[in-house]
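Hi,

Here is the structure I promised to pass on. Have a look at it first, and my notes on what turned up are below.

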Amino acid sequence: MSCIPKKQCATSNEVPVLSNDMIFKILLMLPAKDLVKLSTVCKTWHKLINSPNFVEAHMSACEPVLTFLKHSSESRPNMFSVDGNNGSFTLFEPSSSKTRDRQLYSMEFKSRKSKVSDLNICGFGDILATCDGLLLATNKSGTLLVLNPTTRKLVPVKPGTMVPPHDESYGFVFSNHTREYKLVHLLLDDMGHIDSEILSLKTMSWKGCTVPSFGLFRDFRHKPVAVSGVLYWLPGDNDVNYFVSMNIDEEKFVRNALPVNSTGPNDRLMENCALLNFIAQMTVYRIQVWTLKTDECVGIWVKRYTINMDYDITGLVPIFMARDGRYVMFKLSRDAVYEYDVEEEEMEEVSVDGNLSFKMSLPHMNTLVSLENSAPLW
């Protein structure tokens, strides 16, 4: 497995060769962006780093980050664009735009500090969903595309068969049964009727699926959350006592009870440790975090903890949970980010290295997953 040959010399001492297992474990400790570079060292490392087993193992250890778009007029030699005009999206094209463009950024958190990184990719229209390090987005021309910002690999997505009449929602999820990534596209018209369709990213073909019952969704202001092959939606902003789920293999929309009523626009469904969580603002001083656990195939809501403060926290919007579940990150308008430590029961402002001027963000992971290599093996 080693790309470094043994040292040939007159003495009996030789440079030790690491075992395949040891190289595997060492490489797992590196961030995805470094692994992309190391995959070019030799054919052996390229094969290892891009193998399904390694991609899945590396992803399972990834800490979440935030990804978001921000307008910028800055132009650099290493900037790439997803807004190609030649219809080819296999490679990114150097950007020559001099106008304000929507660029992709990420924010990492560690020890009550955060770092905002410019990923040097522009030309976006919007980010619609994320899944396993892949982004579903549109470019400035409105073309749907799936990309991995870390590996710089991108593929165009065939447009849906339905014309958006009013409001739409996209879900992005991996099917454990068919071993493929799928998109779910919902459209809501002015009368409250909903159409739905599903795209297999393996075949790039859309098909119709079970239509949600009338009135099940009020709007699509909340983006769906994917957890273990199931998509979850909050169907509205205020006075909601249920959520909607769709198992991608069963293709049916189901109404499920929330543990407490969702009373405001800042309540969120979130994934953590492969479980669905509901973060709800109970009063101006109290937030509750609930986890949906499965017992004999029945989902049961369990209150995970309560955040109690002696000051008004109604402006805090949950943005994501750390992988181990100890920390929950909140954004306060456009001014600040706060971190709640579950063990210490403390809320502290996070030192931010960068600009927070973004309206919407999504949890994301920097992985090696692509549609060219096989999907995760869990």
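**Strand E8 and its neighbours**

Strand E7 (residues 124-131) pairs with E8 in the antiparallel sense, over six bridges. Do keep in mind that this is a predicted model. One of the pairings to look up is Ile 127, whose bridge partner in E8 is Ala 137. The two strands make a hairpin with two residues between them, and Asp 132 there takes a positive phi near 55°.

On to the other neighbour: E8 also pairs with strand E9 (residues 144-148), again antiparallel, this time over four bridges. Ala 137 turns up here too, with Leu 145 as its bridge partner in E9. E8 and E9 form a hairpin as well, with four residues between them, and Gly 142 in the turn has a positive phi of about 90°.

Strand E16 (residues 230-233) is joined to E17 by four antiparallel bridges. Leu 231, for one, has Met 246 as its bridge partner in E17.

Is Ser 245 buried or exposed? Its relative accessibility is 11%, so Ser 245 counts as buried, the limit being under 20%. The side chain of Ser 245 makes a polar contact with the side chain of Asn 256, at 2.9 Å. Leaving out residues up to four places away in sequence, Ser 245 touches Val 230, Leu 231, Tyr 232, Lys 252, Phe 253, Val 254 and Asn 256.

**Aromatics**

The structure holds 13 aromatic pairs. One of them is Phe 217 with Trp 233, an edge-to-face pair at 5.6 Å centre to centre with 85° between the planes. This pair links distant parts of the chain: Phe 217 is in the loop between strand E14 (205-208) and E15, Trp 233 is in strand E16, and they are 16 residues apart. Phe 217 has a relative accessible area of 3%, so it is buried. Trp 233 is at 0% relative accessibility and therefore counts as buried.

Trp 233 also pairs with Phe 253: the ring centres are 5.9 Å apart and the planes are at 45°, so this pair is tilted. Here Trp 233 in strand E16 is linked to Phe 253 in strand E18, 20 residues apart. Both Trp 233 and Phe 253 are buried. Together, Phe 217, Phe 220, Trp 233 and Phe 253 form one aromatic cluster.

**Overall numbers**

The protein chain has four helices and 28 strands. Of its 378 residues, 49% are buried. Among contacts with a separation of 6 or more, 52% are between residues 24 or more positions apart. The accessible surface comes to about 18,900 Å², and 51% of that belongs to carbon and sulfur atoms.

Cheers

Methods:
Residues numbered from 1 in each chain as written. Predicted model: local features only at pLDDT ≥ 70, side-chain atom pairs only at ≥ 80, totals over all residues. Heavy atoms only, no water. Buried < 20%, exposed > 50% of the residue type's maximum accessible area, 1.4 Å probe, protein only. Polar contact = N/O pair within 3.5 Å; in protein donor to acceptor, adjacent residues only side chain to side chain. Contact = heavy atoms within 4.5 Å. Areas by Shrake-Rupley, 256 points an atom, 1.4 Å probe, with all protein chains shown as cover. Pairing = 2+ DSSP bridges. Phe/Tyr/Trp six-rings, centres within 6.5 Å; stacked < 30°, edge-to-face > 60°.
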